[in-house]
Amino acid sequence: MDRSGLIERVGQVETACADAGADASSVAAALVAVREIDGWLASRKAVLVGRLQQVSSFPEATIAETDRTSIGAATKSTERSETLAATPKLADALGDGAITAGHVDAVTRTSKGLDPGQRQELLERADALVAVAAAGTVDEFRRRLALEAKRLQ
């Protein structure tokens, strides 16, 4: 999503929030815009986390401090960044707001149970399943990934 698309979505959210009489379809459209903004933010955070990993021996400490969260939550950010680096089509879809960070996290979690060769193959398959992720919920995508992992095993 480019800057103008981001600004458009923010405006849509602000308009719906300011309109106490907004109808259901306007509110739903604004919620979609929020999801798309969230995806864009998650993709940008992943890029920044990746850059931090290149210059810091313990990036999780910086992430935990800046996010005001735990090392465990910061580790999730580094894992998400690594998954997105290995799946460029999913990274683009997240940046466009077509999928959510939850879709990416499903890939990360599913890949953890595989050996390195299987993990790489799953990442390649997941990257080819962008349309499936974009059309479905996180749970639906997680189930599809589980099937792919089972086939690999």
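Tutor: Residues are numbered from 1 along each chain as its sequence is written. Because the model is predicted, local features need pLDDT of at least 70, side-chain atom pairs count only at pLDDT 80 or more, totals for chains, interfaces and linings use all residues, and side-chain values use heavy atoms, with hydrogens and water left out.

Student: How many helices and strands does the chain have?

Tutor: The chain has nine helices and zero strands. Helices (H or I, at least four residues) and strands (E, at least two) are DSSP runs, numbered from the N terminus. The C-alpha trace spans about 55 × 35 × 25 Å along its principal axes.

Student: What makes the span of helix H1 agree with its number of residues?

Tutor: The expected span of a helix is 1.5 Å times one less than its number of residues. Helix H1 (residues 3-18) has 16 residues and should therefore span 22 Å; its end C-alpha atoms are 22 Å apart, so the two agree.

Student: Why are the buried residues of H1 said to line one face of the helix?

Tutor: Buried means under 20% relative accessible area, exposed over 50%, and partly exposed in between (1.4 Å probe, protein chains only). In H1, the buried residues are Gly-5, Leu-6, Arg-9, Val-13 and Ala-16. Seen down the axis of H1, these residues fall within an arc of 105°, so they line one face; the arc is that of the directions from the helix axis to the C-beta atoms. On the other side, Arg-3, Ile-7, Glu-8, Glu-14, Thr-15 and Ala-18 are exposed. The cover over the buried residues of H1 includes H2.

Student: Why is Ser-77 called buried?

Tutor: Ser-77 has a relative accessible area of 11%, and the cut-off for buried is under 20%. Ser-77 is therefore classed as buried. Ser-77 belongs to helix H4 (residues 71-86). Apart from neighbours within four places in sequence, Ser-77 is in contact (heavy atoms within 4.5 Å) with Lys-45, Val-49, Ile-63 and Asp-67. Of the 153 residues of the chain, 39% count as buried.

Student: What makes a space a cavity, and what makes it a pocket?

Tutor: On a 1 Å grid over the protein atoms alone, a cavity is a set of points where a 1.4 Å probe fits but cannot get out, whereas a pocket is an open set with protein on both sides within 12 Å along at least five of seven lines. Lining residues have an atom within 4 Å of a point.

Student: Which residues line the largest cavity?

Tutor: Its lining consists of Ala-42, Lys-45, Ala-46, Val-49, Ser-77, Arg-80 and Ser-81. H2 and H4 are the elements that give two or more residues to this lining, and H2 provides the largest share, four residues. The largest cavity has a volume of about 30 Å³, and a search of the whole structure finds one cavity of 30 Å³ or more.

Student: Which residues lie nearest the centre of the largest pocket?

Tutor: Ser-43, Ala-46, Val-47, Leu-84 and Ala-91 lie nearest the centre, out of 13 lining residues. Helix H2 (24-55), H4 and helix H5 (88-96) each give two or more residues to the lining, and H2 gives the most, with six. The volume of the largest pocket is about 160 Å³, a volume being the space filled by probe spheres set on the grid points, which are joined across faces, edges and corners.
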